[in-house]
Amino acid sequence: MTEQNSHTIYDKDGKPTRDRPWIFRTYAGHTNVWATNELYRDNLSKGQTGLSIAMDLATQCGYSSDHPIAKPEIGKVGVPINSLDDFHILFDNIPLEEMNTSMTINGTAMWLLSLYVALAEERGVDISQLKGTTQNDLIKEYLARGTYIFPPEDSMRLIVDMYEFCLHNIPSWNASNICSYHLQEAGATPVQELAFALVTAITILDAIKERDCFSEEEFERCVGRISFFVNAGMRFVEEVSKMRAFCEMWDEITQERYGVKNAKYRRFRYGVQVNSLGLTAEQPENNAWRILIETLGVTLSRKARCRALQLPAWNEALSLPRPWDQQWSLRIQQILAYETDLLEYPDLLEGSVVIESKVKQLKDQAYDEINRVLDLGGGVEAVKTGYMKSALVASQSERMGRLANGEQIVVGKNKWMEGLESPLVGDSDGGIFMVDAKAAQKTLDALAETKRTRDDERVKAALARLAEHAKNNTNLMEASIECAKARVTTGEWSETLRSVFGEYRPPTGVDGQSMSIDDDSNSLTSVRNKISDFIETHGYRPRIVVGKPGLDGHSNGAEMIAVAAKHAGFDVVYFGIRLSASDIVQSALEENVDLIGVSLLSGSHNEIMAQLFDELDKNGAKDSIPVILGGIIPEPDYEKLENMGVKRIFTPKDFDPMAVMDEIMDVINEQKSKQL
Amino acid sequence: MSKSQNSFESIMPPELKEMVTRAKRLEKWPLAQLISLFEVNTERAKQSRHSIITYLSEQPESDRKQGLVLGITGTPGAGKSSLIGELCLSMLKETPSLSVAVLAVDPSSQRSGGSLLGDRTRTNFPVDDNRLFFRSQASDLDLGGVGKKTYQVTRLLRYLFDITIIETVGIGQSEVEVEQLSDHTCLVLQPFAGDQVQFMKAGIMEVPNTFVINKCDEDSLAKKSYHLLKSSLKLVNVSIDHNADDAKQIFLTSALKQKGIDELASFLLKLHQDKSVRKSALDQELFYLRKWVFQEFGRFGLTHFDATLESELKLHKSYEEKEQYIIGVMRALIPSLTSAG
């Protein structure tokens, strides 16, 4: 054997080797099960090694496609799944036993896992062979993503049910996947990301311990199944340090708090989607480089390298990505993993004084925050009191303030804004993806067909058993798998559990928040002057209502607008997410507001705005209350929306919240002058 | 005496009358616009308020509501909004003909003057049910929490709804104010431990008519809180259970687990039936006028208000007329005064 050196990786026989790359994934799913199946098979043939399934919002929130609230959303941000029949088509010609399948599903995670198990059983696949992940992190849903359904305690119970079932029946399945990803998107600092994700893990493990359903050896294995889903932003040195801190802290927590002896089960296993929040709608081609740099944060350090990686597309700030955009992102990973020598070396950062010091600082601060949350009563309590949510909204407001004040530079957005027109957005489709409107009908027809051909008695019995088990605290997995086989629909499964557990609305976190916008900023001065003139003239403070109609729960935008509006001096009626168009119109009428502000990111703006204007019209208020829209709105839709009656459209390009407020004041004054 | 007392026109212009007629049918938008008239600070709005209240108060008794105004206050986080949401639904279930308005008051930012009004989030009211109406109000830098604007709106809502619920964050001072404009006040508390009782002894316990311990999701903590509250009320000499009529009741509720809601709802419905549980409109007018006089003219104004004017004031019908009268008196006393109000 030749002498070994420190810059080479050796295998167990002492031969030089290189690491296997991480799993390449593309978060994908759209239109309907037929189109998505085709996409998956195509992606797999291009060298993708795992599936990451995106479900549409109705599926995520527990509604079948034929529910009125579901209709605008069918196939928009993912594939609609109504019953086991859909799963048969979705996985047609895809061998389940060879797949590592990740499902981004939370409120209905148990249902989708039950469908997957039932599919395997109907195909005759041994379910113990199944590998994959159900995201199933409800705490971050309450904090950031919004597709929760049930109250926190009941959600925790469903998660623990799944851990119990999986460990005994599908040992390679990750029953949940703790996501700091969405926390960063919601504005979390690295310390908050570390702390809140680890608190979530602690909350789940404490609940599992409390149920006491595992032997000591089983519990160790169960700890080993806890996996994480992390975000990586532009500050890639800090991100590398954050990942190293994550690994060390998880090792320490599992050892000290839970006494896990086997080091293998203490490893911090994580997948990544890099940051979309920092991607810009301005000069969107620059995002390709941003994505590459963000990728470095989670791949550079061998000790803390991700297990699986999915990258956003360069045009995500404009619209949903097309297949070509996703392919381009996949290529970034392949080039990094196969063309460069990254995977040939041991950990590059070991022994770096700078990194070690940075890691220590992050860890110290994160432990402080973890202890604070645990002192407040733990993860569930910190959801219910709104503590974590308020902390995130505060961080996000600070970030918005830094962008507006120019303290944080974003190329093409608040600096070097002039540039040549990008040829990438000049395609005939405008560089954006459009869901075929007719495809939804196919989904609805299939759902009707399932309902027509199934055995109604079996459905009734399966749902009755589900309700009974929900009430008497029996593990719900078996009843759910039977529901799946009986062709119960997504809506029926969820409705049954809703009737037992109730529905939950977490605190919005916006109370008491303010923005760190310089008091002498031009836009702030301008809007405040306009507001005092308004009060002088009309004898009251201008009132606006801000809300998110539809099922999209990414509340950042709406929260920031609400906080900014209060900071400017408006009276703001904010009542959160997942509202129907009629909810918003009713509150606008009852509150007699001067303007309605709506935020939409899911691509369903045309349908939902049409519903909203219908509602206004029905109440005789269509020309009396102006409506503005914010979100990811593709330019080709502007004209249509303006014809409907939308007065202004704001996109991620409008990063100065006070400039937005100033324009809102103009819209209100235009309306007032019309009425006088 | 000044002539300004006669400056209000009691006849409503047709469009306002139309709005009032529709508001009486509880149509949401006309009603909301009418409420705004009671919040707005303009001369025109003042004129409208006078004529609307005059009109409503002169309706034949069969067509005139004399609604109950209920103050629900409590510390932040006690779960007031969720509880109110559940109470409203429960009351409507028991009495389907009932109509209820909720007026939720939130603090304004001291820095920008703006506010975030988020209480709607927690009430799960159905859409298009005219029996329920929800309105948010900013405290508008009025430190009392429930100010003149809230009082103004309750003047209107009394005539339109069977029950009006005013929801406020209570931290001591504002309970007194809520007591003024409500016929009955409930203080909502969270389950608590022994040491918290100490802090509650400081005066505010005397104000509420009824206590509600909410978030009693767990029985043991609920019972403990009940007994602690009961003994601390005895300590501060507040009567409980001695006499069924004037006893201060304690209710244990959980909006989440649907416990105790129906009991509290029935209790409130009984209050609604009992017309003796209504504050005198005149007393309220005098209270708010006095407050306004103090704000505008300080101790000097108050001295005159208290010493001489009360009997005179009664001769002037509406709040607006009384206010106008006082302005006249003050102008006579302080010739340099050109405008006020």
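1. A helix is here a DSSP run of H or I with at least four residues, numbered from the N terminus. In this sense Asn405(A) belongs to helix α15 of chain A, and the model in which it sits is a predicted one.

2. On the overall build of chain A, the secondary structure comprises 25 helices and 17 strands, while the C-alpha trace spans about 90 × 65 × 55 Å along its principal axes. The radius of gyration of chain A is 25 Å, which agrees with the value near 26 Å that a compact globule of 676 residues would have.

3. Of the contacts in chain A between residues at least 6 apart in sequence, 78% join residues at least 24 apart.

4. Is Gln396(A) buried or exposed? Gln396(A), whose place is in helix α15 (residues 387-405) of chain A, has a relative accessible area of 3%, and because the limit for a buried residue is under 20%, Gln396(A) counts as buried. Not counting residues up to four places away in sequence, Gln396(A) touches Glu185(A), Ala186(A), Gly187(A), Leu277(A), Asn556(A) and Met560(A).

5. Asn405(A), also placed in helix α15 of chain A, is partly exposed, with a relative accessible area of 22%. Leaving aside neighbours within four places in sequence, Asn405(A) is in contact with Ser516(A), Ile517(A) and Asp518(A). Between Asn405(A) and Val593(A) there are 30 Å in space, C-alpha to C-alpha, and the two are 188 residues apart in sequence.

6. Rolling a probe the size of a water molecule over the atoms shows where empty space is left. How many cavities of 30 Å³ or more does the structure hold? There are three cavities of 30 Å³ or more, and the largest cavity has a volume of about 120 Å³.

7. As for what surrounds the largest cavity, its lining is made up of 19 residues, and Tyr148(A), Pro506(A), Pro507(A), Thr508(A) and Ile577(A) are those that lie nearest its centre. Helix α5 (residues 138-145) of chain A gives the most to this lining, with five residues. By residue class, the lining of the largest cavity divides into eight nonpolar, six polar and five charged residues.

Conventions
Residues are numbered from 1 along each chain as its sequence is written. Chains are lettered from A and ligands numbered from 1 in the order in which they are written. This is a predicted model: local features need pLDDT of at least 70, side-chain atom pairs count only at pLDDT 80 or more; totals for chains, interfaces and linings use all residues. Side-chain values use heavy atoms; hydrogens and water are left out. On a 1 Å grid over the protein atoms alone, a cavity is a set of points where a 1.4 Å probe fits but cannot get out, and a pocket is an open set with protein on both sides within 12 Å along at least five of seven lines; lining residues have an atom within 4 Å of a point. Grid points are joined across faces, edges and corners, and a volume is the space filled by probe spheres set on the points. Helices (H or I, at least four residues) and strands (E, at least two) are DSSP runs, numbered from the N terminus. Ala, Val, Leu, Ile, Met, Phe, Trp, Tyr, Cys and Pro count as nonpolar, Asp, Glu, Lys and Arg as charged, and the others, Gly among them, as polar. The radius of gyration is taken over C-alpha atoms; the globule rule is 2.2 Å times the number of residues to the power 0.38. Contact means heavy atoms within 4.5 Å. Buried means under 20% relative accessible area, exposed over 50%, partly exposed in between (1.4 Å probe, protein chains only).
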